Amino acid sequence: MIKITNPADCCGCTACASICNKGAITMQDDALGFKYPVVNIEKCIDCGLCEKVCTFNKNYDTTYNLESPIVYGARHKEIKKVEESRSGGAFVAISDYIIENGGVVYGAGYTENFRVIHKRATTKEERDEFRGSKYVQSDLCTTFRQIKQDLLEGRTVLFTGTPCQTSGLRSFISNKLRNNLFLLDIVCHGCPSPYIWKEHLKYIEQKTNKKITGTSFRDKKIFGWKAHKETFEFNNSGKNEYINDLYTFLFYKHIMFRSSCGKCYFTNTQRPSDITLADFWGWEKTDKGINTDDKGLSLLLINTPKGVTLFEEIKKDLTYIEVEIENCLQPNMQAPSSIHTNRNAFEQDFIRYGYNYVAKKYGNISISYKIEKFHKDSINRLKSFIKTIIRRK
């Protein structure tokens, strides 16, 4: 039976719980809201399927991968779809094709109070919720079993998620059912805590004394594609507002990530999916004119023959350029994010004292942090000024 002794050994993909026909495994939250499998010994028959299906290791399946991915920079030809997407709208083109041909799409959306979960969509309107970044680990619930049922009924399925999620699903679905399953993963920086996101929303509502009715993790309509600033809509106003970058600060500090993100096995160019999507940072090295309006550009890694077939079907909807892989290698395509050394202390402080405490202690909203930042910025400006004077002499 599966037994997690080190939290870093489990990515929470739910494959083990999904494959257990006896219902012996449930996914239960830890103190930060990350889900881990817990085995009911009385129901377990020790068949070993849960251990066999686990692919969070260096031996994950790349049997059908191309020797090297085919790489493109791409943007949807309809600028409105680009503006409504997080990067270049490539996901819209892919999912449009699946839906137009009677298939179903699974992706990260919201449930009550903006909790991030995976949902099923059979229409473009339902699919639209999956667009845009969601910097929280999604709850997969019974998604894997729903997908298996769709495949058994002859439907084509597109699943989008983090590489650990696509790897788990790929292992869970048997070879004979995989023909109609298309996997799309993202270049993932790390999965933040669901509970921290939940408490951050409460903090924002308390700070503004308003009810949150909408959110955007990266609002490019206000700040442009390159900026990472979350905004919120309040009281159904129809207008998003920027409050602060506290959550973004904690995200890039790597202090609220799942422990497994620090040892992710999928941070390379042999991805456990048919197509990989990302923002195309470094596009200027390939074509300086393709994104001058700063509205966004998608990076696509075509990883398998199925991915090649899918791209051939949707490329008519894209403006695209072929890219040398060395010109688009982002950090998380080369190595995992380094987990902050105070990550465990952050968790313990959150358990004992709550979100407001850790936000001030580890975030960027305390007076002491602002004074320290002002001091560092002043020193840097002085150094820059001195260098300028020396160069002039």
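Author: Happy to, and let me begin with burial: a residue is buried under 20% relative accessible area, exposed over 50% and partly exposed in between, using a 1.4 Å probe and protein chains only. By that scale Cys13, with 12% relative accessibility, counts as buried. The model is predicted, so local features need pLDDT of at least 70 and side-chain atom pairs count only at pLDDT 80 or more, while totals for chains, interfaces and linings use all residues. Residues are numbered from 1 along each chain as its sequence is written, and side-chain values use heavy atoms, with hydrogens and water left out.

The part to look at closely is helix H10, which spans residues 246–253. Helices (H or I, at least four residues) and strands (E, at least two) are DSSP runs, numbered from the N terminus. The buried residues of H10 are Leu246, Tyr247, Thr248, Leu250 and Phe251. Their cover includes helix H8 (194–208), H12 and H13.

Let's take H13 as the partner, residues 355–362. Two packed helices are described by the angle between their axes and the distance between the axes. Here the axes are lines fitted to C-alpha atoms, for helices over the stretch in contact, and angles run from 0 to 180 degrees between N-to-C directions. H10 and H13 pack at an angle of about 70°, their axes being 11 Å apart. That makes H10 roughly perpendicular to H13 (65 to 115 degrees counts as roughly perpendicular, under 35 as roughly parallel, over 145 as roughly antiparallel and the rest as oblique). The crossing of H10 past H13 is left-handed, meaning that the near helix is turned anticlockwise from the far one by less than a right angle, whereas clockwise would be right-handed.

Which residues do the meeting? On the H10 side Leu246, Phe249, Leu250 and Lys253 take part, and on the H13 side Tyr355, Ala359 and Tyr362; contact means heavy atoms within 4.5 Å. Sorted by class, this contact holds six nonpolar, no polar and one charged residues. For the classes, Ala, Val, Leu, Ile, Met, Phe, Trp, Tyr, Cys and Pro count as nonpolar, Asp, Glu, Lys and Arg as charged, and the others, Gly among them, as polar.

From H12, Ala345, Phe346, Asp349, Phe350 and Tyr353 meet Tyr355, Tyr357, Val358, Lys361 and Tyr362 of H13. The class count for this contact is eight nonpolar, no polar and two charged residues.

Now to the end of H10. The helix is followed by His254, which lies in the loop between H10 and strand S11 (275–279). Most residues other than glycine have a negative phi, and most peptide bonds are trans. Phi of His254, however, is positive, near 60°. His254 is buried, with a relative accessible area of 13%. Asn235 is another non-glycine residue with a positive phi, about 55°. Asn235 sits in the loop between strand S9 (231–234) and strand S10 (240–242), and its 48% relative accessibility makes it partly exposed.

Cys44 is partly exposed, at 22% relative accessible area. For Cys188, the closest cysteine sulfur belongs to Cys191 at 4.2 Å, which is also too far for a bond. Cys188 is buried at 18%.

Back to Cys13, which is placed in the segment before helix H1 (15–19). Leaving aside residues up to four places away in sequence, Cys13 touches Leu140, Phe144, Cys164, Gln165 and Gly168. Phe144 is also among the residues touched by Phe172, which belongs to helix H7 (residues 163–172). Phe172 is buried, at 9% relative accessibility. With sequence neighbours up to four places away again left out, the contacts of Phe172 include Ala15, Ser18 and Ile19. Phe172 and Asp294, 122 residues apart in sequence, are 39 Å apart in space from C-alpha to C-alpha.

Note on methods:
Disulfide = S-S within 2.5 Å.
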